[in-house]
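Morning, everyone. Please have a look at the chain on the screen, and then we'll walk through it together.

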Amino acid sequence: MAQAFTQQLSAHLLHFAPQVSRRSLNLMPEALKIIVINKLLNLVLAEQLKADELHFLKQKWVGICVDDIDLRFEVGVDQQLRVRAFTQPDVTLSANVPELILVAAGKEDPDTLFFQRKLRIEGDTELGLEVKNLLLSIELDNLPKPARIGIEQLAKVLQTLTASE
């Protein structure tokens, strides 16, 4: 009984969370969003940047669209990782928050999501495939502990909800 209640509560939270997030993000100035995303991505991808594994992004821009929270931005690399407002990227990757959380936690394969049409790649497909492969190489251990634990817990909830459907 308690488990069923917890699953229902989790389902309701996951349904309303994107709406609340979207409204909150819409209130945040674009420049502040860019700064926060830039810092977060530089933290998460520090090892890849140091090892020059992001060389394929030089002179290229990858658009990221998180559809359910209406977040759009572009990522590129010169000497460091750069984030800017969404304009005209060379390739665009689009998905919803739950799928991105599952990929980040290593609980879902980007290829599976791509074939289920939950991860979309538009534009320079070769560049998109390199970015998709990069997603597989990201280690959660690079994140601050609270963020890592949050992603892992959210992924568990998402897996439980998916299994009960």
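Which residues in α2 are buried? Keep that in mind for a moment. One caution comes before the answer: this is a predicted model.

Now the answer. The buried residues in α2 are Lys 33, Ile 34, Ile 37 and Val 44. Look down the axis of α2. Its buried residues fall within an arc of 100°, so they line one face of the helix. Here is the background. An α-helix has 3.6 residues a turn, so residues three or four places apart point the same way. And what sits on the face of α2 turned away from its buried side? There you find the exposed residues Ala 31 and Lys 39.

Let's check the length of α2. It has 15 residues, and at 1.5 Å a residue it should span 21 Å. Its end C-alpha atoms are 21 Å apart, so the two agree.

Next, the sheet. It is open, with five strands in the order β3-β2-β1-β4-β5, and the pairing is mixed. At the edges are β3, residues 81-85, and β5, residues 120-123; each pairs on one side only. On average, neighbouring strands are turned by 25° against each other, direction ignored. Helix α2, residues 30-44, packs on this sheet. It touches β2 and β3, and its direction makes about 155° with that of β3.

Zoom in on one pair. β4, residues 91-95, runs antiparallel to β5, with four bridges between them. Leu 93 in that region stands opposite Ile 121 in β5.

Now the core. In soluble globular proteins, nonpolar side chains tend to be buried together. Here the largest nonpolar core has 35 residues. Among the members that touch the most others are Ile 64, Phe 73 and Leu 93. Strand β2 gives the largest share, four residues. Take Ile 64. Beyond its neighbours within four places in sequence, its contacts include Phe 73, Phe 86 and Leu 93.

Asp 52 has a positive phi of about 55°, although it is not a glycine. You'll find Asp 52 in the loop between α3 and β1. Is Asp 52 buried, exposed or partly exposed? Its relative accessible area is 40%, so Asp 52 is partly exposed. Arg 117 is not a glycine either, and its phi is positive, about 65°. Arg 117 lies in the loop between α5 and β5. With a relative accessible area of 71%, Arg 117 is exposed.

Methods. Residues numbered from 1 in each chain as written. Predicted model: local features only at pLDDT ≥ 70, side-chain atom pairs only at ≥ 80, totals over all residues. Heavy atoms only, no water. Pairing = 2+ DSSP bridges. Helix = DSSP H or I, 4+ residues; strand = E, 2+ residues; numbered from the N terminus. Axes fitted to C-alpha atoms, helices over the stretch in contact; angles between N-to-C directions. Contact = heavy atoms within 4.5 Å. Expected span 1.5 Å × (residues − 1). Buried < 20%, exposed > 50% of the residue type's maximum accessible area, 1.4 Å probe, protein only. Arc of directions from axis to C-beta. Core = buried A, V, L, I, M, F, W, Y, C linked by side-chain atoms within 4.5 Å.
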